[in-house]
Amino acid sequence: MPNLQPLYDIKERLEHAAIAGTNLLSEDFRLTRAAEALTPLAKASPVFAKIDAGVRTLLAAPPEGRSTALLDTLSLVDAVAYTQGVTGCPGDLMPLPPGSGVMRPLSYGQLHPLLEALTGTGGGRASLVQSRWEADPEQFRDFRILPAVIAGLGDSYGGLADLNARILTAMGPAILPRLQEGFDPAGKKDMVRRVEVIAKAGGSSAEPWLRQILPQAKKDVREAAIDALRPYLSTQELLEMAVTEKGKCREAVLRGLAQQEGEAVKTFWREEAQRRTGTHEFLRDASSSIASDLVAEQLRRLFETGFAEGWPGPTGFLQSVADWLHAAEGKTSPAMIDFWRWIDSRYDDVPSTLNKTGRFTDLKTAVPTTLLDSLLRAGPGPVAEVCWELYQKRPDEPRYLPFGFLAALLQKPAAEVYTLFAPYLLLEDSTPLHRRQSDALLGVISHVRWSKEKGRQCVSASFPVAEPMDPRWFDRLAQVLLHGPVSRESQYTALVTGEVVEVHDSAVLCMADPTDPAVRISMTSLIHSRMTQLPLGHYSRYGTPWMTYSSYLLQFGGSLRGVLAESMTLCTKPIYVYYIWKFFDDYRDLLTPAETADVLEELGQGIQAKHILVDQDDIAEKAIPYTIAELRAGRAYPEWSVWWDMRP
Amino acid sequence: MELTESFILSQAPNPAAAENGRKLSRKGSFSGHHKDAGGTLFWADCAGSGKTPYHVSIDLSGGGDPVCRCSCPSRQFPCKHALGLYFEMLAEKDFAVADIPQDIAEKRQKQAQRAEKQAERREKAAKSPPKPASAAAQKKKLDKQLQGLDQAERMVDELLTAGVATMAGASAQTYEKLAKELGNYYLTGAQTAFERIALTVRSIQKDPEQAEQCYAQALQILIALHSTIKRSRAFLQQKLDAKAYSAEDTVLFEAMGGVWRLEDLHAVGAYRENVRLVQLAFDVSYDEAKREYVERGWWIDLGTGRIDQTRNLRPVKAMKYIKAEDSRFDLLEVPILYTYPGEGSCRIRWEDCASRSITPEEQAALPALAQPDLAAAVKMVKGQIKNTLLPKYAPVLVPIGQLGTVGEEFVLEDAAGGRIQLRDRREDGADHASTARLAMLPEAVPPGSALFGLMFYDNADGHICLHPYSLVTPRQTIRLLY
């Protein structure tokens with residue numbers, strides 16, 4: 001093969017001449033030199049001779065003919081260069097190993113929007129990926145999509161990056177080789193997510209790889225690797241790493257140690273608590289008995305110091321007590337249970353005081369609150385037993401009532417709980433102590449909710465009560481809420497109307513079994529009253545929360561006939577006609593068409609008589625009769641657009 | 001007609017419409033499923049936002065070209081309701097047999113009458129060829145085009161005299177203005193070339209570090225334009241001298257900006273009959289100079305092994321009125337396939353076609369349609385790309401001996417030991433990157449496979465390379481792109 005360098009040189013010079021301008025062509029001595037170097041090739045081949053002739057014509061051309069000559073020659077040089085293009089690639093050819101993706105017959109219309117969402121920028125991407133994942137998770141294994149999902153672990157939008165992580169995790173151990181390929185142990189957030197996905201998707205099979213990358217892993221990746229390795233690291237390894245690791249990586253080690261048992265671990269934590277503040281954070285979520293013992297030990301030491309040296313103590317002391325109390329939640333070791341007994345015996349000495357920075361740290365409130373929270377986290381067992389024990393010691397003391405009541409629900413027969421605790425609820429005004437008792441008991445019922453799945457009430461949504469609550473509770477509660485001396489508290493509902501409802505009403509209605517006929521009667525009577533009366537005090541300005549209570553009424557099998565229209569007349573502001581349509585649309589499963597038609601008829605009459613204020617009564621006046629007619633003719637409840645189109 | 005998901009997607013005006021149709025089917029919006037006794041008409045009601053449902057029907061009596069009807073006001077065709085009904089049919093929902101509704105029967109009748117009239121018109125047209133346009137007008141147009149070529153040549157000359165580098169200091173508007181001027185001379189091809197130059201000016205001004213690359217691009221445009229001017233002038237002059245004003249079977253017609261109509265292609269004999277086509281690959285790119293999306297399908301003729309391309313052009317301004325194309329996985333039987341004049345891979349179009357699944361035997365025969373070996377493919381491509389009027393790449397199907405890597409490079413080796421480097425063509429952009437996907441192929445490449453892609457000359461090192469698009473095995477076609 002001839003040396004083609006002169007050809008490439010002349011090509012370069014001609015291109016340069018075009019860029020610099022043909023005006024300067026006569027001064028371009030490099031072009032002349034390149035033309036001379038082409039001569040031997042021109043003698044050897046006609047095509048090079050043609051190029052040579054072209055270059056000479058160009059160099060000899062008058063200024064006005066140069067452009068044409070230049071482009072003619074360049075066209076020819078380019079064409080020859082293309083024909084001289086080389087192929088081949090010397091060296092050992094390594095066959096491609098089979099990849100781990102799959103091939104799905106996805107068209108451009110299916111692939112491109114997904115790839116764009118995974119690799120692009122801008123809003124709406126996560127929802128597209130989410131919906132495609134829900135519709136067909138298998139397509140994410142396609143060898144064209146999978147790399148984009150993996151690269152998407154580093155997406156600038158954290159929500160999408162997390163979604164990608166969930167998608168990859170769901171693929172299971174098969175995805176591990178793809179994630180391990182190209183892994184950068186010194187990488188950033190995307191590599192951290194890779195470690196997390198590998199650990200979750202691979203389970204114990206990921207352990208060898210995690211151990212392998214640990215020596216090279218840096219910063220956040222190292223922290224993630226230690227976190228992922230926690231279940232597989234021995235106590236000895238963790239103790240050694242607690243010495244060698246620093247910063248967040250050490251914190252990951254401490255999180256691991258907080259789950260370990262053994263004397264060496266106990267000694268470590270004891271020293272750690274003495275040397276550093278913040279140890280309580282690692283022990284707070286730990287479930288080991290050592291962690292529980294250590295928290296109890298620290299609390300006892302702190303309280304003894306306080307009792308001996310006086311409160312509030314040095315700067316940060318009260319905060320430290322509060323932090324360790326927080327760490328005690330859910331701890332159940334014998335030492336912890338002993339601590340609750342001990343602190344109860346010293347409760348009169350527990351201060352309600354200001355710390356030095358002026359921040360109020362009311363330990364007198366914090367101690368029983370922590371015990372209640374501890375019961376809510378631990379459920380039945382030693383904490384419930386100590387709660388019951390402390391309540392029994394002072395059954396009249398309002399602070400023991402909440403956890404005594406919950407402990408009783410978790411452990412005692414339903415009738416016994418009712419007999420013991422129902423009398424605390426006042427039906428009429430009484431002494432301040434009795435009012436405090438009644439309020440304390442009402443305040444704790446929000447932690448008890450009816451669970452349809454478990455067929456009984458649950459404490460803290462997790463622990464079923466020993467027996468379904470005695471139905472008598474609900475009659476009494478309804479009476480107390482309607483007529484008793486209850487401290488009123490209200491809250492906004494989550495509904496679009498932003499209605500204000502009584503906090504205790506919501507708690508009781510959520511606790512009641514909607515399938516029990518006796519309970520239904522009690523609850524519908526409470527709801528009827530609420531719907532047909534204005535709220536008390538300043539809440540009356542918000543009007544009757546008709547939508548919230550109507551939905552409760554339907555859940556408890558009540559009828560809206562004669563109630564809803566009356567409730568709406570008590571609304572202080574005009575009701576949006578959309579809310580009326582939406583309410584009946586939302587509850588079309590609970591309402592029969594006949595009942596909907598009857599209730600709408602009552603509403604229509606109220607609107608016509610101006611007893612019910614509606615913001616767009618012109619729509620209501622047409623849409624309501626139309627809907628009644630449709631329903632009575634056996635047709636479906638209309639869409640909103642039908643109502644909306646009836647505006648004048 | 002065989003109803004497949006791929007067929008439904010191909011009918012949709014855009015991917016979103018297909019997805020919306022699928023959603024309607026999934027959420028059970030359809031009721032009153034019916035079909036006629038012959039299974040040529042399917043109809044149902046689809047709940048919409050209004051109080052009355054839409055009446056949707058799909059009429060299959062026309063063979064491979066179903067007629068979708070819907071009472072909704074959508075301007076998309078077919079609408080999401082019709083696409084939803086397709087998905088209902090695909091899901092084999094229970095369609096009760098019933099008499100064809102009166103309104104549809106009437107529409108069918110009208111349609112048959114229209115088809116009859118159309119056939120009559122065609123027959124008439126075939127018997128008596130259309131009157132040629134006025135010779136004076138044609139002559140006037142050719143004169144104008146010749147003037148335009150002179151104008152374009154002056155522009156090229158001025159730019160080269162001053163030097164391409166002067167573009168950096170010029171305003172892009174200057175070139176846009178020149179491009180606009182060429183619009184007066186029926187030379188849209190030259191006009192586009194100047195619009196591309198204006199774009200390179202903008203690129204230089206946006207990123208001066210890219211100037212060298214932009215100059216090279218501009219120079220390529222100028223070389224092609226110069227060639228077009230030169231050959232077009234000779235071509236037009238010859239036509240003027242011969243007083244022959246009809247469209248000619250030459251690539252120059254399109255290079256100057258001419259637009260082929262199917263009847264013109266038919267008139268110059270640029271068509272083939274009874275062709276079986278299979279799509280090897282599909283891609284979409286954006287032509288900034290023309291402000292349009294180009295949806296390109298690469299098709300192989302099962303009879304001849306010839307690879308041609310469909311190009312669906314969707315200007316941004318008219319996007320919603322032009323149906324988007326999509327990948328096709330089925331086989332098309334085309335009674336008349338129109339082929340644009342040119343060398344190598346030509347643009348193809350058709351009016352009617354029937355689709356069906358490709359049989360295992362047809363799939364097995366596909367790799368055998370590849371070039372005999374790499375050397376033959378390279379020779380063919382070199383022959384094409386040296387033509388200044390043709391793109392600097394060409395589609396090829398090459399036989400695979402072995403796929404692998406040499407160092408960092410992906411390499412294809414044929415049975416004779418010839419090798420070619422597999423690379424992504426930089427000009428196509430990152431969204432066309434496909435070479436790295438070879439490493440993820442789910443299984444080893446079976447013997448007797450072929451690789452389809454675009455062969456190109458890489459200016460960076462003077463190598464002829466292959467940008468892989470699809471792997472064609474005897475069992476399936478694995479698309480690395482779309």
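Me: A residue is buried if 20 or more other C-beta atoms lie within 10 Å of its own, exposed if 12 or fewer, and partly exposed in between, with C-beta atoms placed from the backbone. With that in hand, what makes strand 17 of chain B mostly covered?

Reply: Of the 10 residues in strand 17 of chain B, 9 are buried. The strand spans residues 463-472; strands (E, at least two residues) and helices (H or I, at least four) are DSSP runs, numbered from the N terminus. One caution first: this is a predicted model, where local features need pLDDT of at least 70 and side-chain atom pairs count only at pLDDT 80 or more, while totals for chains, interfaces and linings use all residues. Residues are numbered from 1 along each chain as its sequence is written, and chains are lettered from A and ligands numbered from 1 in the order in which they are written.

Me: How do you know that strand 16 of chain B and strand 17 of chain B pair?

Reply: Two strands pair if DSSP finds at least two bridges between them. Strand 16 (residues 450-458) and strand 17 of chain B have 9 bridges and run antiparallel, so they meet that rule. B:Tyr457 sits opposite B:Ile464. The two strands make a hairpin with 4 residues between them, where B:Gly462 in the turn has a positive phi of about 70 degrees.

Me: Which other strands are joined to strand 17 of chain B?

Reply: Strand 18 (residues 477-479) of chain B is joined to strand 17 by 3 bridges, antiparallel, with B:Val472 opposite B:Thr477 and a hairpin through 4 residues. Strand 15 of chain B runs parallel to strand 17, with 2 bridges, and there B:Leu422 faces B:Leu466.

Me: What makes the residues of strand 15 of chain B point two ways?

Reply: In a regular strand the side chains alternate between the two faces of the sheet. Here B:Arg419 and B:Gln421 point one way, B:Ile420 and B:Leu422 the other, and all are buried. Strand 14 (residues 409-413) of chain B joins strand 15 through 4 antiparallel bridges, and B:Leu412 stands opposite B:Ile420.

Me: Why are helix 19 and helix 21 of chain A called roughly parallel?

Reply: Their packing angle is about 20 degrees, with the axes 10 Å apart. Angles under 35 degrees count as roughly parallel, over 145 as roughly antiparallel, 65 to 115 as roughly perpendicular and the rest as oblique, so these two helices are roughly parallel to each other. The axes are lines fitted to C-alpha atoms over the stretch in contact, and angles run from 0 to 180 degrees between N-to-C directions.

Me: What meets helix 21 of chain A from helix 19 of chain A?

Reply: A:Ile337, A:Trp340, A:Arg341 and A:Asp344 of helix 19 meet A:Pro382, A:Val386 and A:Leu390 of helix 21; contact requires C-beta atoms, placed from the backbone, within 7 Å. The residues divide into 5 nonpolar, no polar and 2 charged. Ala, Val, Leu, Ile, Met, Phe, Trp, Tyr, Cys and Pro count as nonpolar, Asp, Glu, Lys and Arg as charged, and the others, Gly among them, as polar.

Me: How many residues does each chain give to the contact between A and B?

Reply: Chain A gives 47 residues and chain B gives 59. Helix 4 of chain A supplies the largest share of the chain A side, 9 residues. That side has 25 nonpolar, 17 polar and 5 charged residues. Strand 1 of chain A also pairs antiparallel with strand 13 (residues 402-406) of chain B over 2 bridges, where A:Pro95 has B:Gly404 as its bridge partner.

Note on methods. Contact = placed C-beta atoms within 7 Å.
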